[in-house]
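Hi,

Here is the structure I promised to pass on.

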Amino acid sequence: MARVAKEMVEKAGVNVNQLVELLVKNASAELTTFYYYTILRVNLIGLEGEGIKEIAEVARIEDRNHFEALVPRIYELGGKLPDCMKEFHDISACPPANLPKDPKDIKGILKVLVEAERCAVRGYTQICNMTAGKDHRTYDLALAILNEEIEHESWFSEFLGEGPSGHFMRRGETSPFVSKFLK
Amino acid sequence: MIKLTKSELSHYNGTDNNPGYIAYNGKIYNITDSFLWKKGKHQVLHTAGEDLTEALKEAPHGEDLLDRVPVIGELIE
């Protein structure tokens, strides 16, 4: 635990227990999404599915990176991950990104993906709102993750034809915003 | 459809095997089976058994997400 760092956050008026609980729930959402996206990705096959596979894989890897980036902050603030993996899964900030009943329903898979990303965007917006101007390190981390989640949402939204935008797939390394927390 | 006062609503807090209900704009929603309302808590900050009309103004989502849970009644004075 980073005692003084935690004190600074408390003094700024943030409820650290609530914040840590939110960080743990979002870390769970990231790791469980990494797992469920693995299943979605392997089912992205055929003429429709293969075109989406690459972008689903980038989102999957970046969600795992988000988990890795969140864990140190949880422990700095005096929190911990649950001992039990099942408990960890069940406290996720977002519902499971389950494979649709028809695994060949590519549009259905896209809807699961975009819904998962939208849940994440809401979650990190909430953390940013709680920490802005008060807990600079958590804010910086949550904002970096939020930037990537918004891009993920845009990618899947565009595949669903919800509207045009200027987003492109990653060019180069994954996690351009979060990578500074992984070094 | 049921009718509950705020006081009666507070019993439906999603803990101790009680169902979880919330109110918004005069309607009562059953959130018992929602993954996002396990044990009557939502994203750490919100508790079942309450009128969340004001709280939703600060939430990172709109009222459209309430369409995902059933309306079961109305909140009365």
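Let me start with a definition: a residue is buried if 20 or more other C-beta atoms lie within 10 Å of its own, exposed if 12 or fewer, and partly exposed in between, with C-beta atoms placed from the backbone. By that count Lys39(B), which has 14 other C-beta atoms within 10 Å, is partly exposed.

Some housekeeping before the rest. This is a predicted model, in which local features need pLDDT of at least 70 and side-chain atom pairs count only at pLDDT 80 or more, while totals for chains, interfaces and linings use all residues. Residues are numbered from 1 along each chain as its sequence is written, and chains are lettered from A and ligands numbered from 1 in the order in which they are written.

**Chain A**

Chain A has 6 helices and 0 strands, so named from DSSP runs (helices are H or I, at least four residues; strands are E, at least two; both are numbered from the N terminus). Along the sequence, the pattern is therefore α-α-α-α-α-α. The radius of gyration of chain A is 17 Å, close to the 16 Å that the globule rule gives for 183 residues, so chain A is as compact as a globular protein of that length. Here the radius is taken over C-alpha atoms, and the rule is 2.2 Å times the number of residues to the power 0.38. Laid along the principal axes, the C-alpha atoms of chain A fill a box of roughly 55 × 35 × 25 Å. Of the 183 residues in chain A, 38% are buried.

Contacts come next: two residues are in contact if their C-beta atoms, placed from the backbone, lie within 7 Å. Taking contacts in chain A between residues at least 6 apart in sequence, 75% join residues at least 24 apart.

Helix 3 of chain A deserves a look. With 31 residues, helix 3 reaches 45 Å from its first C-alpha to its last, close to the 45 Å expected at 1.5 Å a residue (the expected span is 1.5 Å times one less than the number of residues). This helix also has a kink of about 35°, centred on Lys53(A); the bend at a residue is the angle between axes fitted to the seven residues ending there and the seven starting there. After helix 3 of chain A comes Gly78(A), with a positive phi near 90°.

**The cores**

A nonpolar core is a set of buried Ala, Val, Leu, Ile, Met, Phe, Trp, Tyr and Cys residues joined through C-beta atoms within 7 Å. The largest one holds 45 residues, and the members that touch the most others are Leu23(A), Leu40(A), Leu113(A) and Ile145(A). Two or more residues of this core come from each of helix 2 (16-42), helix 3 (46-76), helix 5 (106-131) and helix 6 (136-159) of chain A. Helix 5 of chain A gives the largest share, 12 residues. Another core lies apart from this one and has 11 residues, including Ile31(B), Trp37(B), Ala48(B) and Leu75(B).

Leaving aside residues up to four places away in sequence, Leu23(A) touches Leu70(A), Arg73(A), Ile74(A) and Gly79(A).

**Chain B**

Chain B has 1 helix and 6 strands, in the order β-α-β-β-β-β-β. Its radius of gyration is 11 Å, close to the 11 Å that the globule rule gives for 77 residues, so chain B is as compact as a globular protein of that length. The C-alpha trace of chain B spans about 30 × 25 × 20 Å along its principal axes, and 23% of its 77 residues are buried.

Most residues other than glycine have a negative phi. Phi of Lys39(B), however, is positive, near 55°, and Lys39(B) sits in the loop between strand 3 (27-30) and strand 4 (41-42) of chain B. Phi of Gln43(B) is positive too, near 45°. Gln43(B) is in the loop between strand 4 and strand 5 (46-47) of chain B, and counts as buried, with 20 C-beta neighbours inside 10 Å.

**Where the chains meet**

The contact takes 10 residues from chain A and 8 residues from chain B. The chain B side that touches chain A has 5 nonpolar, 2 polar and 1 charged residues (Ala, Val, Leu, Ile, Met, Phe, Trp, Tyr, Cys and Pro count as nonpolar, Asp, Glu, Lys and Arg as charged, and the others, Gly among them, as polar). Thr125(A), in helix 5 of chain A, touches Leu146(A) and Pro60(B), not counting residues up to four places away in sequence. Thr125(A) is partly exposed, with 18 other C-beta atoms within 10 Å.

Best wishes
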